[in-house]
Amino acid sequence: MPPRTPPPARLFVAPWRWIAALMLGLWLTGCASLPSEVDRPVSTALADPTETRIGRAVQARAAQAETHNDSGFALVNSAELAFTSRMALINAAQKTLDIQYYAIHADETTLRMFDALRAAAARGVRIRILLDDFNTAGKNAQVLKLAFEKNIELRLFNPLPGGRGSLFFRILGSLKDMDRIQRRMHNKIFVADNAVAITGGRNLGETYFGQGESTNFIDADVLAAGRIVRELSRSFDLYWNNPLAYPVESLMTAAQLEAMKPPPAAAGALAAPAGQATPVNGETSAAAGGNATGGAPAKPAKSTVRKVTALDGTVSVAEPLPDSTNLALLEWIWAPSTLLVDKASKIAADADAVEASQDTTVDGLLQLMAEAKSDLLIVSPYFVPGPRMMDQLAAIRQKNVRIRVLTNSLASNDAPAAHVGYARYRKDLLGLGIELYEMRAEQEGTLSGFSSLGSTGSAGGSRASLHAKIVVLDDSLLVVGSMNLDLRSQLQNSEVALVIRSRKLSADTTRLIEPALAKGAYKVELENGQLVWRAPQGSQLKDSRTEPDASLGLKLMLTLIGPLAPDEML
């Protein structure tokens with residue numbers, strides 16, 4: 001009988017196997033590279049929006065308003081409107097749809113949108129989708145099947161080499177090119193016929209549209225019409241025709257994507273019975289018979305009845321999201337506006353050019369904030385100011401400008417590492433007289449937007465995570481975009497934002513946010529040099545002297561990582 005292995009040696013078997021697998025993964029992914037010869041046909045936005053129904057409707061609306069301003073806006077203040085307005089644009093488009101996002105999740109909500117896109121493509125609409133490549137691994141890789149549909153082009157921005165089965169190994173395989181892979185396209189733009197657009201903080205996925213079963217993002221968008229849309233389209237074209245934008249077909253085949261499809265039990269909505277299609281406005285999608293990738297049509301969206309609690313505490317019953325809304329019924333505000341976009345060098349293939357560029361979306365926002373005279377309201381889910389921004393905030397406070405900041409708490413933050421960077425500046429921010437509010441993670445009812453924050457009276461609850469990026473300046477200027485007030489957005493990510501000079505829109509946005517400050521967030525204060533979290537009004541919670549609602553593990557991470565991690569990495 002062979003001798004038994006001593007017990008202590010057995011403890012090292014699993015770690016050594018893990019290290020061997022890791023080294024093998026590094027070797028395999030290290031061999032991967034991006035194609036050098038890539039065909040990128042140049043294309044641009046629709047030249048004349050007035051050729052379309054949407055364009056003519058915008059012209060008529062502007063004439064009816066008798067305005068001298070050439071751009072109109074409507075605030076998207078709920079998750080339901082965020083979804084239905086995008087569906088409305090897809091269904092109304094006649095010529096083009098240009099869609100640019102950091103992340104598109106493969107779930108039931110987006111699959112309804114994909115069916116509508118297929119129907120639009122079938123009636124001759126040219127669809128261009130530009131997607132950052134960081135989140136296209138695993139289940140979300142199935143989104144890339146749209147690239148093989150007729151009249152749909154899909155390009156990946158700044159792709160990572162290697163397979164898509166695991167994001168972990170994709171990152172490992174790109175470690176030798178860390179500077180490049182950290183520069184992500186964070187823009188969010190949705191344009192129909194170069195006439196009406198949606199931009200803001202939302203990516204595409206059920207948690208951004210209030211349909212997540214456990215967690216939902218609180219976010220904000222703006223609908224835009226007229227001249228400013230053509231500026232958004234020019235920005236889209238700059239990225240679409242950039243050397244860092246790779247057509248999906250240059251990176252993989254339809255057969256490779258099909259082979260990656262999860263098994264039915266794991267795929268959920270991605271694996272529906274053959275012949276079962278999702279209705280679009282009551283009619284079967286044109287893609288009901290299958291598509292070029294051989295994938296089965298998607299199953300209908302969830303039919304679960306949801307309880308939604310309003311700000312006043314009343315509870316109502318909500319069916320799943322409708323397919324679209326009548327955008328003409330929205331209140332459109334015509335106002336002067338500008339677009340904040342990153343300088344071209346921010347998205348150059350040369351990393352040195354990026355480092356040399358200081359003309360970014362966040363830089364432009366900071367310049368605007370410096371003009372504040374009385375009040376500055378900041379909403380940023382990831383708020384890591386850094387020394388330079390701290391100096392700017394101090395200069396603003398010296399003018400006796402009131403500054404209020406709403407950000408995530410440690411418990412509500414979907415990226416706890418970002419909270420580490422914020423926490424190291426918290427006492428200094430309070431020392432400047434800046435008012436800090438941190439979103440409460442556990443909210444009552446089903447969250448669908450700012451209007452539902454801080455509500456009470458519902459059985460059960462929903463976890464909230466702040467994702468909106470908003471600045472309101474002197475109750476007269478509103479900024480809504482994709483940028484966070486952190487060094488990652490300033491130095492690495494590309495971003496986009498709308499600057500709208502409108503007292504009406506600014507006041508409407510402030511009215512949405514202020515109840516969240518009072519009832520949906522902890523107010524952080526200094527008491528005898530120590531942090532105190534004041535409980536939200538009417539919550540029946542107690543004040544706390546440690547990070548409220550956070551687990552011991554999260555608090556430990558804050559303690560261990562806090563002194564070590566550099567701001568620009570958080």
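So, strands S24 (residues 521-527) and S25 (residues 530-534) pair in the antiparallel sense, over five bridges. Strands here are DSSP runs of E, at least two residues, helices are runs of H or I, at least four, and both are numbered from the N terminus; two strands pair if DSSP finds at least two bridges between them. Lys-523 stands opposite Arg-534 in S25. The two strands make a hairpin with two residues between them, and Asn-528 in the turn has a positive phi of about 55°.

Quick word on the source: this is a predicted model, where local features need pLDDT of at least 70 and side-chain atom pairs count only at pLDDT 80 or more, while totals for chains, interfaces and linings use all residues. Residues are numbered from 1 along each chain as its sequence is written, and side-chain values use heavy atoms, with hydrogens and water left out.

Nine strands form an open sheet in the order S9-S4-S3-S2-S5-S6-S8-S1-S14, and the pairing is mixed. S9 (245-247) and S14 (333-334) are at the edges with a single partner strand each, so one side of each has no neighbour in the sheet. S2 (residues 96-101) pairs with S5 in the antiparallel sense over four bridges, and Ile-99 has Phe-190 in S5 as its bridge partner.

Which residue lies in the loop between S5 (189-192) and S6 (196-200)? That's Asp-193. Asp-193 is buried, yet has no salt bridge, and the nearest side chain of opposite charge, Arg-53, is 7.1 Å away. Buried means under 20% relative accessible area, with exposed over 50% and partly exposed in between, using a 1.4 Å probe and protein chains only. A salt bridge needs a side-chain nitrogen of Lys or Arg within 4 Å of a carboxyl oxygen of Asp or Glu. What Asp-193 does have is the backbone nitrogen of Lys-95, 2.8 Å from a polar atom of its side chain.

Conventions
Lys, Arg positive; Asp, Glu negative; His and termini not counted. Polar contact = N/O pair within 3.5 Å; in protein donor to acceptor, adjacent residues only side chain to side chain.
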